[in-house]
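Please keep the sequence and the model at hand while reading.

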Amino acid sequence: MKSISLYVNRNSFVHDVDPITKLIYIAFAILVPIIVPSFTISFICVGISLVLLAFAKVLRKTVPVFSFVFLVLITVVIIQGLFKPENETVLFQLGPITMYQEGLLFALTITLRVLTIVSAFMILVLTTKPSELVESLVRKGMSPSIGYMIVSVFQIIPEMMAAVSTITDAQRARGMETEGSFFVRFKAFLPLMGPVVLGALINTKERAMALEVRGFNSQVQKTYLYEEKTYAYSRLIRALLLLAIAGALVWRILS
Amino acid sequence: MKKQSMWSLRLSTASLVLIPVAVGVNYIGKLLAGLLKLPLWLDSIGTVLAAMLGGPIVGALAGAINNIIYGLTADPISFVYAITSVAIGLVTGILFYRGYISSWGKALGAGIIIGLVATVVSTPLNIGFWGGQTGNVWGDALFAAVLANTDSTWLASLLDEVVVDVPDKLLVVLISYGIFMGLPKNIVQLYNQNDKVETLD
């Protein structure tokens with residue numbers, strides 16, 4: 001079964017860093033450009049994230065995510081450049097189309113904001129196993145029930161996808177049409193969705209009983225299957241990141 | 001039998017396993033909508049079903065976890081829209097427990113209300129993160145048209161979100177209601193949190 005997680009197993013120091021430190025890095029990469037609103041700082045933050053992704057040898061894996069984001073960003077650039085209400089200064093003209101400076105600058109702000117968020121999260125998502133992330137959050141005090149819910153989604157979705165392909169074949173064999181007008185395609189949605197959902201909900205009963213008999217609801221302190229992995233420099237890295245956020249705040253207040 | 005308050009925070013094991021399934025249903029809905037090239041998202045059927053079965057708290061949790069999973073597997077910006085999903089779960093749960101989704105006609109009305117709530121919550125997020133757009137072709141074309149003719153980004157963004165979200169949530173609620181009606185009674189009973197156990201001795 002195909003995993004839905006984007007995690008890529010490689011050998012790099014980025015992979016070794018613990019998930020909590022990566023979460024602090026995300027906070028750093030998102031907060032600092034908000035506290036210090038300058039294009040240079042945003043570019044630097046995106047740059048740091050990209051360099052880390054390159055060190056983790058996962059740069060190529062970011063392409064599908066970035067291309068999805070860029071698709072939307074291109075329309076943002078076009079629409080804001082053409083129509084932003086504050087548009088005044090003409091930047092250039094292409095036949096009947098006029099691009100304005102204000103709109104394009106605003107689109108650049110949006111683009112950088114999205115890129116800083118996406119690139120910072122990519123580091124966490126591509127180099128951390130979801131189960132490791134959840135486990136370290138549970139160690140930090142998150143409820144194990146919430147942890148179970150998140151981890152089990154990664155198991156349930158591939159199971160449901162397998163059910164979908166079985167049901168699609170079955171319904172096609174019965175003559176269901178999946179192409180044609182909007183109405184025909186929407187009509188196909190129901191006989192595909194219905195059985196998958198009903199089956200999955202009926203299965204919840206067994207899953208609930210299986211958890212109950214294993215004492216999932218007992219109030220005893222839970223133990224962990226894996227030993228906590230620690231990274232030698234995580235304290236230093238965390239301290240530096242928090243210091244950088246604090247430094248940005250101080251700079252903002254003073255200037 | 002006294003009905004337990006819908007705000008009960010105690011999660012039964014049944015609700016606990018319902019939430020991952022709800023997220024899976026959302027995921028499959030989005031996948032099928034993409035496969036059939038429907039111009040809709042249809043990615044909140046699970047959240048709505050979870051809210052109908054387990055109440056507003058379970059619905060809200062399903063919504064939040066849904067977006068955490070999307071954030072981890074597809075698009076990190078999804079984390080932000082968790083607020084919208086939580087709102088959808090809460091509103092559906094409240095409407096359902098007050099009896100506002102108990103017939104096809106009422107489900108129609110509830111779908112529109114849920115769509116409008118989702119719009120109101122999403123619009124500020126759209127403006128903050130995308131300059132007001134939704135990423136849906138038809139909605140964004142309207143956004144551009146309104147922006148070209150009026151001076152209000154907010155109006156353009158609100159309309160952009162309304163034309164996409166209201167039909168989407170309306171269909172989602174109708175589909176979920178249909179599925180809910182088709183569920184075996186012993187499954188629905190599993191989530192009915194009446195703790196009273198009657199014994200013969």
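This is a predicted model: local features need pLDDT of at least 70, side-chain atom pairs count only at pLDDT 80 or more; totals for chains, interfaces and linings use all residues.

Chain A contains 9 helices and 2 strands. Followed along the sequence, its elements come in the order α-α-α-α-β-β-α-α-α-α-α.

The overall dimensions of chain A may be considered next. Its radius of gyration is 24 Å, whereas a compact globule of 255 residues would have a value near 18 Å. Along the principal axes, the C-alpha atoms of chain A occupy a box of roughly 65 × 55 × 30 Å. Among the 255 residues of this chain, 30% count as buried. Of the contacts in chain A with a separation of 6 or more, 72% are made by residues 24 or more positions apart.

The domain assignment divides chain A into domain 1 (13-128 + 228-254) and domain 2 (142-213). A distance of 35 Å separates the C-alpha centres of domain 1 and domain 2 of chain A.

The two strands of chain A can be described together. Strand β1 of chain A covers residues 90-94 and strand β2 of chain A covers residues 97-100; they pair in the antiparallel sense over 4 bridges. Within this pairing, Leu94(A) is placed opposite Ile97(A) of β2(A). A hairpin is formed by β1(A) and β2(A), with 2 residues between them, and Gly95(A) in the turn has a positive phi of about 60°.

From chain A the account passes to its contact with chain B. This contact takes 54 residues from chain A and 47 residues from chain B. On the side of chain B that touches chain A, at least two residues each are supplied by α1, α3, α5 (104-130), α6 (137-149), α7 and α8 of chain B. The most is given by α1(B), with 15 residues. Sorted by class, the side of chain B that touches chain A has 33 nonpolar, 10 polar and 4 charged residues.

Which residues have the most contacts inside the largest nonpolar core? This core has 116 residues, and those with the most contacts inside it are Leu18(B), Ile19(B) and Ile65(B). Helix α5 of chain A (residues 101-127) gives the most to this core, with 15 residues. At least three residues of the core come from each of domain 1 (13-128 + 228-254) and domain 2 (142-213) of chain A. Ile65(B) itself has contacts in both chains: leaving aside neighbours within four places in sequence, Ile65(B) is in contact with Met149(A), Ile150(A) and Val153(A), as well as with Ile19(B) and Val23(B).

Within chain B, the loop between α1 and α2 deserves attention. In general, most residues other than glycine have a negative phi. Lys37(B) lies in this loop, and its phi is near 55°, a positive value in a residue other than glycine. Leu42(B) is also placed in the loop between α1 and α2 of chain B; although not a glycine, Leu42(B) has a positive phi of about 50°. Leu42(B) has 23 C-beta neighbours inside 10 Å and so counts as buried, since 20 or more are required.

Why is helix α2 of chain B (residues 45-54) described as largely enclosed by the rest of the structure? The description applies because 10 of the 10 residues of this helix are buried. The buried residues of α2(B) pack against α1 (13-35), α3 (56-73), α4 (82-97), α7 (153-182) and α8 (185-191) of chain B. Just after α2(B), Gly55(B) takes a positive phi of about 95°.

Leu49(B) is situated in helix α2 of chain B and is buried, with 29 other C-beta atoms within 10 Å. When residues up to four places away in sequence are not counted, Leu49(B) touches Ala22(B), Val25(B), Ser176(B), Ile179(B) and Phe180(B). Leu49(B) and Ser176(B) are 127 residues apart along the chain, yet their C-alpha atoms are separated by 5.8 Å.

Note on methods:
Residues are numbered from 1 along each chain as its sequence is written. Chains are lettered from A and ligands numbered from 1 in the order in which they are written. Two strands pair if DSSP finds at least two bridges between them. A residue is buried if 20 or more other C-beta atoms lie within 10 Å of its own, exposed if 12 or fewer, and partly exposed in between; C-beta atoms are placed from the backbone. Two residues are in contact if their C-beta atoms, placed from the backbone, lie within 7 Å. Ala, Val, Leu, Ile, Met, Phe, Trp, Tyr, Cys and Pro count as nonpolar, Asp, Glu, Lys and Arg as charged, and the others, Gly among them, as polar. A nonpolar core is a set of buried Ala, Val, Leu, Ile, Met, Phe, Trp, Tyr and Cys residues joined through C-beta atoms within 7 Å. Domain bounds come from an automatic or database domain assignment. The radius of gyration is taken over C-alpha atoms; the globule rule is 2.2 Å times the number of residues to the power 0.38.
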